[in-house]
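Biologist: Let us go through the labels on this model. I want the value and the cut-off each time.

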Amino acid sequence: MAVNPLISQAREKMEKSIASVKTELMHIRTGRASVALLDEVKLDYYGTPTPVSQVASISVSEARTLLIKPWDRTLLPLIEKAILASQLGITPVNDGSVIRLNFPSPTTEQRKSLVKKSKEIVENGKVAVRNIRRDILKVLKDQKDEGKISEDDEKSLEESLQKLTDEYVKKLDTIFEEKEKEIMEF
């Protein structure tokens, strides 16, 4: 059948939506130190915005502390300035050879806000998955109207597409539950 590639195309696009949601959720601070939190922090390195991870090694020394060790010590003030300018809301501690980022435990109110933000991100992911389904359904309908597939094939593929959509919506729910648990921990 010539339409099955549509189902695999839908699966591929839905996988990308899930990957995008996971990436966005990684940048939400949970009170636990994560190297991913510095992905968006860039310093001005010889006139070029450069991610901190490209000029320093970053490690988690304790559950709530990140250690940034630049390969060139002269970059310490630039890294410190970039962190202060970022939206992390963390004050770096520079000891002359490394920068420490101590992540305080979020308050209950902050946790609830982070859970709400996480839910919004996941909901946007669900909308993206449903939009993919809608687009593929339109293609199926067009193919049926053009006589490329039978009505039975269209119904069968619609059912497959709905099962696929349900599967990915469920995955997104699971991702949210894990993130919520991570945020409310500590």
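Modeller: Start with a definition: the radius of gyration is taken over C-alpha atoms, and the globule rule is 2.2 Å times the number of residues to the power 0.38. This is a predicted model, where local features need pLDDT of at least 70, side-chain atom pairs count only at pLDDT 80 or more, and totals for chains, interfaces and linings use all residues. Residues are numbered from 1 along each chain as its sequence is written, and side-chain values use heavy atoms, without hydrogens and water.

Biologist: How does the chain's radius of gyration stand against that of a compact globule of 186 residues?

Modeller: The rule puts such a globule near 16 Å, but the chain has 22 Å. Its C-alpha atoms fill a box of roughly 70 × 40 × 20 Å along the principal axes.

Biologist: Why is α3 called roughly antiparallel to α4?

Modeller: Helices α3 (residues 108-145) and α4 (residues 151-184) pack at about 170°, axes 10 Å apart. Angles run from 0 to 180 degrees between N-to-C directions, with axes fitted to C-alpha atoms over the stretch in contact. Under 35 degrees is roughly parallel, over 145 roughly antiparallel, 65 to 115 roughly perpendicular, the rest oblique. Therefore α3 is roughly antiparallel to α4.

Biologist: What makes β3 and β4 a pair?

Modeller: Two strands pair if DSSP finds at least two bridges between them. Here 6 bridges join β3 (residues 56-62) to β4 (residues 65-70), running antiparallel. Strands are DSSP runs of E, at least two residues; helices are H or I, at least four. Ala56 has Pro70 in β4 as its bridge partner. The two strands form a hairpin with 2 residues between them.
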